[in-house]
Amino acid sequence: MTNTALVPIIYARVLAGEVGRSHGDSRAVLVGTGLDLDEASQPITGLTVAQYKRLLANAIAISGDDAIVLKAAANLAPTIHGPVGIAASASPNIEAAMAVVVQFSTLRNPFCRIYQRDFGDHSAIEVEIFEEMGEFQEAALDFMLSTIPITLMSATDEPLRDFYLQLKRPKPENYQVYERIIPCRIEYGQEANRFVCSKEDLKIKMLGANQEVYSDALERCNALYSLRHIPSNAIEAVNNQLMRMSGQLCNIHTVADSLGMSGRTLQRRLKALGTSYQALLDKWLSQEAIKYLVEERLTVEVTAVLLGYADEANFRRAFKRWFGIAPGVYKRNMEDMPGGV
């Protein structure tokens, strides 16, 4: 695998949470992934393929459910997939949303390749899971099986005429679970794993279409995707790392380590530019909080989780420090404004 990106830590929280809800042992899901260790001494910015495989193995073993990964990914808000999910759901139409998925999904799922292919009057997103995932190739694919069709089908302003999923795997014994969660027809035993859409449906408008949000999210995706992007100064470098580590609360030592310097050196460089790490972190978190609460209309609890807060009360205190009022009050005030969301 040539992609050096990491699997977002937020996915580990989602999977651990699903196992915890159904089997009451969410902490055990993290054993052996590095996330069960003291983060201060073992900073983790994301999961390697090996760590992600261990996470999947733990979840399946503890739950005894081969479909646990599919269930965990079902009905997730697009924002949990970072700027990729935001760009897809804010796209002007199905065609643009598919293009986002094809171009940028590997930022969130670096264990795969995604192609777009045409089949006569149909267009398809084809997914190839790397062999390095070994026996967990199907489980890794499962995490994508509900999120992509839900984004492309359930977030449109009219029903798709012809959208279906083809899977290489034979029809499983628990096929009813897949057909209950995945909102489209499923064909098993096919030559490739692909989401197929009629070309007539490509121009169907997305319900969340928003050019400003779409453009902003695409800009963030491109910044993450470009391996040649070299930050011009320490502020830009920190902002880029916070974007890459979306979904976790990063201390200065974690970010400095990812930039190949000490926390003291990073703080000194930021001070010379008239700012501090805490100021940049607060600005990043406050902006993300507003996007989740106001633009995406998520709850305070969900927003806290997506930002990486283990305790909702800590998020509420931070929000009040940023804006002077509680997040729930801010959200209601914005909704009550003329022309508000």
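Predicted model: local features only at pLDDT ≥ 70, side-chain atom pairs only at ≥ 80, totals over all residues.
Helix α4, which spans residues 82-89, is mostly covered, with eight of its eight residues buried. These buried positions are Gly82, Pro83, Val84, Gly85, Ile86, Ala87, Ala88 and Ser89. Two packing partners of α4 are described here, namely α5 and α9.

The axes of α4 and α5 (residues 94-104) approach to within 8 Å and cross at roughly 160°. Because angles over 145 degrees count as roughly antiparallel, α4 and α5 are assigned to that class. The crossing of α4 past α5 is right-handed. On the α4 side, Val84, Ala87 and Ala88 take part in the contact, and they meet Ala97, Val100 and Phe104 of α5. By class, this contact between α4 and α5 comprises six nonpolar residues, with no polar and no charged residues.

Against α9, helix α4 packs at an angle of about 145°, and the two axes are 8 Å apart. In this case the crossing of α4 and α9 is left-handed. From α4, the contact draws on Pro83, Val84, Ile86 and Ala87, whereas α9 supplies Val213, Tyr214, Ala217, Leu218, Arg220, Cys221 and Leu224. The residues of this contact between α4 and α9 divide into ten nonpolar, no polar and one charged. Val84 and Ala87 of α4 are listed in the contact with α5 and also in the contact with α9. An α-helix has 3.6 residues a turn, so residues three or four places apart point the same way.

Helix α9 (residues 211-225) also packs with helix α13 (residues 277-295), their axes coming within 14 Å and crossing at roughly 140°. This angle makes α9 oblique to α13. The crossing of α9 past α13 is left-handed. Val213, Asp216 and Arg220 of α9 meet Trp284, Glu288, Lys291 and Glu295 of α13. Classified by residue type, the contact of α9 with α13 holds two nonpolar, no polar and five charged residues.

Glu126 is located in strand β2, which covers residues 122-129. With a relative accessible area of 13%, Glu126 is buried, because the limit for this class is under 20%. The side chain of Glu126 forms a polar contact of 3.1 Å with the side chain of Arg117. A polar contact of 3.1 Å also joins the side chain of Glu126 to that of Arg194. When neighbours within four places in sequence are left aside, the contacts of Glu126 are Arg113, Ile114, Tyr115, Arg117, Phe119, Ala192, Asn193 and Arg194.

Leu145 belongs to helix α6, which covers residues 137-145. Its relative accessibility of 0% places Leu145 among buried residues. Not counting residues up to four places away in sequence, Leu145 touches Leu70, Leu165, Leu167, Arg169, Tyr178, Ile182 and Phe195. From Leu145 to Val255, the C-alpha to C-alpha distance is 32 Å, with a separation of 110 residues in sequence.

Loop positions were considered next. Ala28 lies in the loop between α1 and α2, and its relative accessible area of 22% makes this residue partly exposed. Beyond neighbours within four places in sequence, Ala28 is in contact with Asn58 and Ile62. Ala28 and Cys197 are separated by 169 residues in sequence and by 39 Å in space, C-alpha to C-alpha.

Gly32 is placed in the loop between α1 (9-23) and α2 (49-63). At 43% relative accessibility, Gly32 counts as partly exposed. The C-alpha atoms of Gly32 and Ile125 are 33 Å apart, and the two residues are 93 residues apart in sequence.

Asn233 occupies the loop between α9 and α10 (234-244). A relative accessible area of 33% makes Asn233 partly exposed. Asn233 and Leu273 lie 8.8 Å apart in space, C-alpha to C-alpha, at a sequence separation of 40 residues.

Key:
Residues numbered from 1 in each chain as written. Heavy atoms only, no water. Axes fitted to C-alpha atoms, helices over the stretch in contact; angles between N-to-C directions. Helix = DSSP H or I, 4+ residues; strand = E, 2+ residues; numbered from the N terminus. Parallel < 35°, antiparallel > 145°, perpendicular 65-115°, else oblique. Left-handed = near helix turned anticlockwise from the far one by under 90°. Contact = heavy atoms within 4.5 Å. Nonpolar A, V, L, I, M, F, W, Y, C, P; charged D, E, K, R; others polar. Buried < 20%, exposed > 50% of the residue type's maximum accessible area, 1.4 Å probe, protein only. Polar contact = N/O pair within 3.5 Å; in protein donor to acceptor, adjacent residues only side chain to side chain.
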